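Here are some notes on the salt bridges in this model. Please read them with the structure open.

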Amino acid sequence: ERERDMTPEQRKRKRIDDVERYIADEVGNLPKDWLHMETDHFVVISHADKKFTKRILNHAGHIRAYLEKKFPGLGDDYVPRGIIRIFKDSAEESAFRAGTRSIWFDDAEQVFVTGDKDFSQLWEFERVSRDVTQMWLYFKNRNLHSSMPFWLRNGLVGHMEKARPSKSKKIQFAPDASDVMS
């Protein structure tokens, strides 16, 4: 049965079951040097250091909390736990993307992050902000997501890309990473 033919409660149950089954499979098959962390809203599968992994997980949580607070009437559908996969470097991410395993989960892409110290981590926080926003909007209200004018959806996502972690453990909105990089 397709989600659009289900009641909100049936969609919620299906999303929970599908996500938790996928997570259990992924976590159960992690290589020894990978770690995973979980919150109520996210699961991180990481090959980066623990400190960076925690920063990404906290940032994703702050983005989702911001969206829930600022856009409470956007929809009533259940948003399942997000999956964030952190690679140790861009070569590892490229190898994963080139593999045969599907990176799509119910039409919503996982959030991919590169923990490479040689790569600008500002870009990675932008990526998390953008992708968490896209996933949240997609699940919160698929009809709105699919019918929203391109410029409006891109405007919201572009705004959220500017969210950065701050020392107060919340988010702040900052200039685009390309504007501050030399």
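1. A salt bridge here is a side-chain nitrogen of Lys or Arg within 4 Å of a carboxyl oxygen of Asp or Glu. The model is predicted: local features need pLDDT of at least 70, side-chain atom pairs count only at pLDDT 80 or more, and totals for chains, interfaces and linings use all residues. Residues are numbered from 1 along each chain as its sequence is written, and side-chain values use heavy atoms, with hydrogens and water left out.

2. The structure holds 18 salt bridges. One of them joins the side chains of Glu 3 and Arg 142, at 3.2 Å from N to O. Glu 3 sits in the segment before helix 1 (8–28) and Arg 142 in helix 5 (residues 142–147), so this pair ties together parts 139 residues apart in sequence. Helices (H or I, at least four residues) and strands (E, at least two) are DSSP runs, numbered from the N terminus.

3. Glu 3 is buried, at 8% relative accessibility, while Arg 142 is partly exposed at 22%. Buried means under 20% relative accessible area, exposed over 50%, and partly exposed in between (1.4 Å probe, protein chains only).

4. Lys 14 pairs with Asp 18 in a salt bridge, with the closest N and O atoms 2.6 Å apart. Both residues lie in helix 1, 4 residues apart, about one turn of the helix. Lys 14 is partly exposed (26%); Asp 18 is buried (18%).

5. Glu 26 and Arg 85 form a salt bridge at 2.7 Å, N to O. Glu 26 belongs to helix 1 and Arg 85 to strand 3 (residues 82–87), so the pair ties together parts 59 residues apart in sequence. Glu 26 is buried at 6% relative accessible area, and Arg 85 is buried at 5%.

6. Salt bridges with shared partners join Glu 3, Arg 11, Arg 15, Asp 77 and Arg 142 into one network.
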